[in-house]
Amino acid sequence: MKTITDTVFMVRPARFGFNPVTAENNAFQERDMDHTKAEVADRARTEFDQMKDKLVKAGIDRIR
């Protein structure tokens, strides 16, 4: 049985950054020494907004 959703729940990152406590067992976290915390947070929000736009164009509803 194939299931495809037409709605996703999205939370725009308000505070985003490296967390040394959770990084121990989260392979997706890497400390970015080339960018400030503010730059990393801005990039996360930009990526979020780009994904939101793609979902809207694809006709997928969002719960915010």
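Residues are numbered from 1 along each chain as its sequence is written. In this predicted model, local features need pLDDT of at least 70 and side-chain atom pairs count only at pLDDT 80 or more, while totals for chains, interfaces and linings use all residues; side-chain values use heavy atoms, with hydrogens and water left out.

**Exercise 1.** Find where Arg45 sits, and decide whether Arg45 is buried or exposed.

*Solution.* 
- Step 1: Look along helix α2, residues 37–57, and you will find Arg45 there. Helices are DSSP runs of H or I with at least four residues, strands are runs of E with at least two, and both are numbered from the N terminus.
- Step 2: Recall the cut-offs: buried is under 20% relative accessible area, exposed is over 50%, and partly exposed is in between (1.4 Å probe, protein chains only).
- Step 3: Arg45 is buried because its relative accessibility is 19%.
- Step 4: Setting aside neighbours within four places in sequence, Arg45 is in contact (heavy atoms within 4.5 Å) with Arg12, Pro13 and Ala14.

**Exercise 2.** Say which parts of the chain the salt bridge between Arg12 and Asp49 ties together.

*Solution.* 
- Step 1: Check the distance: the side chains of Arg12 and Asp49 meet at 2.9 Å, N to O.
- Step 2: Arg12 is in the loop between β1 (7–9) and α1, and Asp49 is in helix α2, so the pair ties together parts 37 residues apart in sequence.
- Step 3: Arg12 is partly exposed at 43% relative accessibility, and Asp49 is partly exposed at 24%.

**Exercise 3.** Compare the places of Glu47 and Thr7 in sequence and in space.

*Solution.* 
- Step 1: Start from Glu47, which is in helix α2.
- Step 2: Glu47 and Thr7 are 40 residues apart in sequence.
- Step 3: Going from C-alpha to C-alpha, Glu47 and Thr7 are 19 Å apart in space.

Technical notes. Salt bridge = Lys/Arg side-chain N within 4 Å of Asp/Glu carboxyl O.
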